[in-house]
Protein chains: 2
Amino acid sequence: MISNIAELIADRIGAMPAGERRAAQTLIASYPMIGLKTVAEFSSAAGVSSPTILRFVARLGFQNYPEFQSSLQDELAAQLQSPAIRTLNPPTPSGGMVSPMLEATLDNMRETFRHLSDKQLADIAARLAERRGKTFLIGGRFTDPLARYMAAHLAVIQPDVFHLAGQESMWRDRLIDMGKRDVLVIFDIRRYQDSLLRFAEKAHQRGVQIVLFTDQWLSPIARFARHVIAGRTAVPSAWDSSAALFVVAETLIGAVTRQLEADGARRIREMEGLR
Amino acid sequence: MISNIAELIADRIGAMPAGERRAAQTLIASYPMIGLKTVAEFSSAAGVSSPTILRFVARLGFQNYPEFQSSLQDELAAQLQSPAIRTLNPPTPSGGMVSPMLEATLDNMRETFRHLSDKQLADIAARLAERRGKTFLIGGRFTDPLARYMAAHLAVIQPDVFHLAGQESMWRDRLIDMGKRDVLVIFDIRRYQDSLLRFAEKAHQRGVQIVLFTDQWLSPIARFARHVIAGRTAVPSAWDSSAALFVVAETLIGAVTRQLEADGARRIREMEGLR
DNA sequence: GGAGCGCTGTATCGTATGTTACGTATTTTG
DNA sequence: CAAAATACGTAACATACGATACAGCGCTCC
């Protein structure tokens with residue numbers, strides 16, 4: 001049963017021509033506000049012509065544009081009157097692979113942060129913000145993108161940030177550059193990679209401070225780590241989820257940025273200028 | 001400080017003549033829906049004439065009726081898009097920078113999935129699971145790690161998955177391999193990258209089906225995309241958050257894996273054997 | 001490779017909508 | 001109580017909005 005326009009669109013968007021699909025997508029993206037504006041505004045926001053918008057609402061079964069708008073308004077009114085029933089997508093009773101996945105992910109994040117004190121995060125952020133040494137980042141088979149993501153941001157606000165890519169032998173050569181003043185951020189979740197463990201051990205021996213992102217069962221690298229962040233990874237899927245670690249990473253990025261605000265702001269402006 | 005129209009009305013209703021006061025009361029009674037309808041409807045609902053309605057909105061300080069309506073819509077949009085900000089006192093128990101960041105991120109995810117139907121995700125998953133053509137993935141400056149993350153997983157369960165890395169000129173050379181049967185997954189959030197847009201356009205011309213991960217303001221690439229996923233990115237930080245898109249990506253990975261279960265399981269076992 | 005179909009945008013049209021002018025009613029004030 | 005000022009509605013107006021006809025284009029399917 002289709003109860004609201006968003007569902008109606010989702011149901012029929014597959015059978016729409018390109019232009020009308022663009023209309024549908026723009027409407028969904030900022031649902032339902034664009035639909036309350038005039039046809040001209042809607043059309044220019046979607047990058048199509050006015051008639052395409054009208055054909056779009058006609059395809060949804062409405063006689064004319066005002067009728068379509070009234071329908072949207074009724075929906076809004078219903079939502080506003082009962083804030084509890086704000087779920088536009090009804091709780092996905094049967095078909096849902098979405099809902100369980102999302103719920104599990106949200107739980108993972110709450111759990112992860114519940115076991116993570118502000119102080120701990122602040123300490124790590126402070127360590128990363130210290131401009132004494134270099135910062136290296138590396139990850140495992142599936143988590144290396146997280147290392148890259150973090151490196152991409154940190155590199156903008158401070159110098160000497162390096163993501164270690166490529167072959168194991170290449171990282172090892174970088175060990176020569178690492179020392180007590182440096183920080184190594186490692187992402188390692190099951191199945192833990194021996195190559196990372198070996199690398200972490202050698203870095204540890206050289207006095208490098210290790211910040212470890214891992215799962216709740218803790219990678220063996222925890223043994224060498226100065227700071228350990230344990231994220232929840234269980235979701236109803238064949239794969240583990242790195243989403244919680246991703247959010248921790250973003251939080252850290254934000255915290256480091258704030259600490260480096262004075263320097264960082266100037267640096268960011270400078271970079272913008274270079275582009 | 002008067003921040004919304006309802007307060008403004010409450011502030012001035014005392015100084016209004018009878019007719020306009022009836023208009024004010026009618027609007028407050030079913031705020032703000034009546035204000036979104038036409039002057040004629042508003043007036044008859046309030047039991048006054050059209051000019052009275054216009055004088056009423058003029059007294060509130062608006063130049064004309066459309067301006068008044070836009071203001072109401074902006075207010076609605078602000079309410080709908082940030083459910084968290086509605087809570088005037090955000091819980092912030094520990095006071096740190098963690099909680100606001102986490103709360104915003106969780107809201108972003110809920111909001112992102114609220115605008116994303118199961119059907120839409122299922123369609124995209126089905127398209128990715130089709131083993132007719134190749135799958136290419138690419139991202140922007142900060143989102144390319146998401147492309148890598150997704151590519152790393154998809155590549156395990158099916159062949160012909162390629163992450164496009166390196167220089168723009170290198171991707172362009174890969175265009176020659178792309179055709180109607182292929183899928184291109186693009187991650188592009190503000191500030192949208194011209195290079196990606198150019199690439200998307202050329203791929204589109206070759207008939208490649210584009211799946212776009214973007215923010216709620218929609219990258220211009222949406223123009224060429226077969227499927228658009230609009231994630232929420234706003235967080236209390238100097239950076240935008242890609243966490244919601246990350247979770248959508250994980251959800252998709254899970255869905256594709258499920259669809260390819262028969263083939264995929266064998267493939268995974270085979271891969272394990274190779275390691 | 002050609003014919004047919006469907007999609008899309010431009011330009012035009014009719015109309016519903018917001019706006020304004022003016023006359024009447026109602027209240028206010030000296 | 002009278003006179004003025006303010007408020008309100010009727011009716012005419014102009015504009016901007018939605019609707020439509022039509023032609024060009026690309027796409028699919030023989």
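**Note on a predicted two-chain model with DNA**

1. Of the 18 residues around DNA strand D in this predicted model, those that come nearest are Val39(A), Asn64(A), Tyr65(A), Pro17(B) and Gly19(B), where a residue is near a molecule or strand if its C-beta atom, placed from the backbone, lies within 6 Å of it. Two or more residues of this surface are given by each of α4 (39-46), α5 (50-59) and α6 (65-81) of chain A, together with α2 (18-29) and α5 (50-59) of chain B; helices (H or I, at least four residues) and strands (E, at least two) are DSSP runs, numbered from the N terminus. By class, the surface near DNA strand D divides into 10 nonpolar, seven polar and one charged residues, with Ala, Val, Leu, Ile, Met, Phe, Trp, Tyr, Cys and Pro counted as nonpolar, Asp, Glu, Lys and Arg as charged, and the others, Gly among them, as polar.

2. A word on conventions: residues are numbered from 1 along each chain as its sequence is written, while chains are lettered from A and ligands numbered from 1 in the order in which they are written. Because this is a predicted model, local features need pLDDT of at least 70 and side-chain atom pairs count only at pLDDT 80 or more, whereas totals for chains, interfaces and linings use all residues.

3. Which residues come nearest to DNA strand C? Of the 19 residues around DNA strand C, they are Pro17(A), Gly19(A), Val39(B), Asn64(B) and Tyr65(B). At least two residues of the surface near DNA strand C come from each of α2 (18-29) and α5 of chain A and α4 (39-46), α5 and α6 (65-81) of chain B, and the surface has 11 nonpolar, seven polar and one charged residues.

4. Within chain B, the axes of α4(B) and α5(B) come within 8 Å and cross at roughly 100 degrees; axes are lines fitted to C-alpha atoms, for helices over the stretch in contact, and angles run from 0 to 180 degrees between N-to-C directions. That makes α4(B) roughly perpendicular to α5(B), a label given to angles of 65 to 115 degrees. Val39(B), Ala40(B), Phe42(B) and Ser43(B) in α4(B) meet Ser50(B), Thr52(B), Ile53(B) and Leu54(B) in α5(B), two residues being in contact if their C-beta atoms, placed from the backbone, lie within 7 Å. This contact has five nonpolar, three polar and no charged residues.

5. Chain A has 13 helices and five strands, and buried residues make up 42% of its 275 residues; a residue is buried if 20 or more other C-beta atoms, placed from the backbone, lie within 10 Å of its own. In chain A, 53 residues are in contact with 50 residues of chain B, and α12(A) gives the most to that side of chain A, with 10 residues. By class, the side of chain A that touches chain B has 28 nonpolar, 17 polar and eight charged residues.

6. An open sheet of five strands in chain A has the order β2-β1-β3-β4-β5, with parallel pairing, where two strands pair if DSSP finds at least two bridges between them. The edge strands, each of which pairs on one side only, are β2 (161-163) and β5 (227-231) of chain A, and the twist averages 15 degrees from one strand to the next. Helix α12 (residues 243-259) of chain A packs on the sheet, touching β3, β4 and β5 of chain A, and its direction makes about 135 degrees with that of β5(A).

7. Strand β1 (residues 135-139) of chain A has five of its five residues buried, so it is largely enclosed by the rest of the structure. On one side of β1(A) lie Thr135(A), Leu137(A) and Gly139(A), and on the other Phe136(A) and Ile138(A). β1(A) pairs with β2(A) in the parallel sense over three bridges, and Phe136(A) has Phe162(A) in β2(A) as its bridge partner.

8. Strand β3 (residues 183-188) of chain A pairs with strand β4 (residues 209-215) of chain A in the parallel sense over six bridges; Val183(A) stands opposite Gln209(A), and Asp188(A) has Thr214(A) as its bridge partner. Because seven of the seven residues of β4(A) are buried, β4(A) is largely enclosed by the rest of the structure.

9. Ala225(A) is found in the loop between β4 and β5 of chain A, and with 22 C-beta neighbours inside 10 Å it counts as buried. Leaving aside its neighbours within four places in sequence, Ala225(A) is in contact with Ile210(A), Val211(A) and Leu212(A).

Conventions. A residue is buried if 20 or more other C-beta atoms lie within 10 Å of its own, exposed if 12 or fewer, and partly exposed in between; C-beta atoms are placed from the backbone. Angles under 35 degrees count as roughly parallel, over 145 as roughly antiparallel, 65 to 115 as roughly perpendicular and the rest as oblique.
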